[in-house]
Amino acid sequence: MNDAQQDVLGDQILALAGVCQFALYAHELAVAGGGYAARHYVARQVIFATNPETVGEVFGETGNLKDGLAYVRRQLTGKQNDNGAKNDDKRIARYIGQVLKLASKLRHDDSTLSNLSVAIDRAKVAPPANATAILNTAYQNNISPLRPRIVLQGNRDYLGDSEILPYVRLQLLAAVRCGILWRQCGGRFPSLFLRRRALLAALERVHTRFS
């Protein structure tokens, strides 16, 4: 494998880690409630990075992707969640699959992408709370009607809380943005199963590059 091919796989790993991380964060909001201001800041920055020169630029510091990279490593090595929460891993894996399918559809939906782009441009210049509200509405109007619809399982009180739901959708929108990025980097579903060793090697290079 030449350097260019290695770089492509490294970019795919970063984008995939983004999908996993933000799907994980949406799940944690659904089961454990609000907070996590730093996570929401990172999600907004990822959504706002609409014209990056590199994939790494989308995420800023690689520490911002720590949880996503750890999740990808667990999946590629077949290790279970440290707390043994098998049901949580199954749910998160389902959300990740739905996000990747949605991202594949969105890449060819110019009208929806245009609507999202307008909303993101508005959110970029708004205060953080207003930006989250704008992105929440953009998700409801443009992502929610699409199939497969991402239906989170969790605590009903949190999933019905109007203060928490916008942040759940913010995390999901960041996951979808990373899913589109993964496809733009050449990510394909079969490679997740057929190229595990190459992807794991790429993950190690990403750690080396940014450590």
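**A note on Leu-170 and the helices around it**

1. Let's start with one residue. Setting aside neighbours within four places in sequence, Leu-170 is in contact with His-40, Ala-43, Arg-44, Ile-47, Thr-132 and Leu-135 (contact means heavy atoms within 4.5 Å). Leu-170 sits in helix α9; helices here are DSSP runs of H or I with at least four residues, numbered from the N terminus.

2. A word on what you are looking at. This is a predicted model, in which local features need pLDDT of at least 70 and side-chain atom pairs count only at pLDDT 80 or more, while totals for chains, interfaces and linings use all residues. Residues are numbered from 1 along each chain as its sequence is written, and side-chain values use heavy atoms, leaving out hydrogens and water.

3. How confident is the predictor? The protein chain has a mean pLDDT of 92, and 92% of its residues reach 70 or more (pLDDT is the predictor's confidence in each residue, from 0 to 100). Where pLDDT is low, predicted coordinates should not be read in detail.

4. Is Leu-170 buried or exposed? Leu-170 is buried, as its relative accessible area is 1% (buried is under 20%, exposed over 50%, partly exposed in between, with a 1.4 Å probe and protein chains only). Its C-alpha atom is separated by 30 Å from that of Arg-205, 35 residues apart along the chain.

5. Now look at α7 (residues 128–143) and α9 (residues 165–184), which pack at an angle of about 70° with axes 9 Å apart. Axes are lines fitted to C-alpha atoms, for helices over the stretch in contact, and angles run from 0 to 180 degrees between N-to-C directions. That angle makes α7 roughly perpendicular to α9 (65 to 115 degrees; under 35 is roughly parallel, over 145 roughly antiparallel, the rest oblique). Residues making this contact include Thr-132 and Leu-135 of α7 and Leu-170 of α9. By class, the contact has nine nonpolar, three polar and one charged residues.

6. Next come helix α2 (residues 37–48) and α7, which pack at about 60° with axes 11 Å apart. This makes α2 oblique to α7. Arg-44, Ile-47 and Phe-48 of α2 meet Pro-128, Ala-131, Thr-132 and Leu-135 of α7.

Technical notes
Helix = DSSP H or I, 4+ residues; strand = E, 2+ residues; numbered from the N terminus. Nonpolar A, V, L, I, M, F, W, Y, C, P; charged D, E, K, R; others polar.
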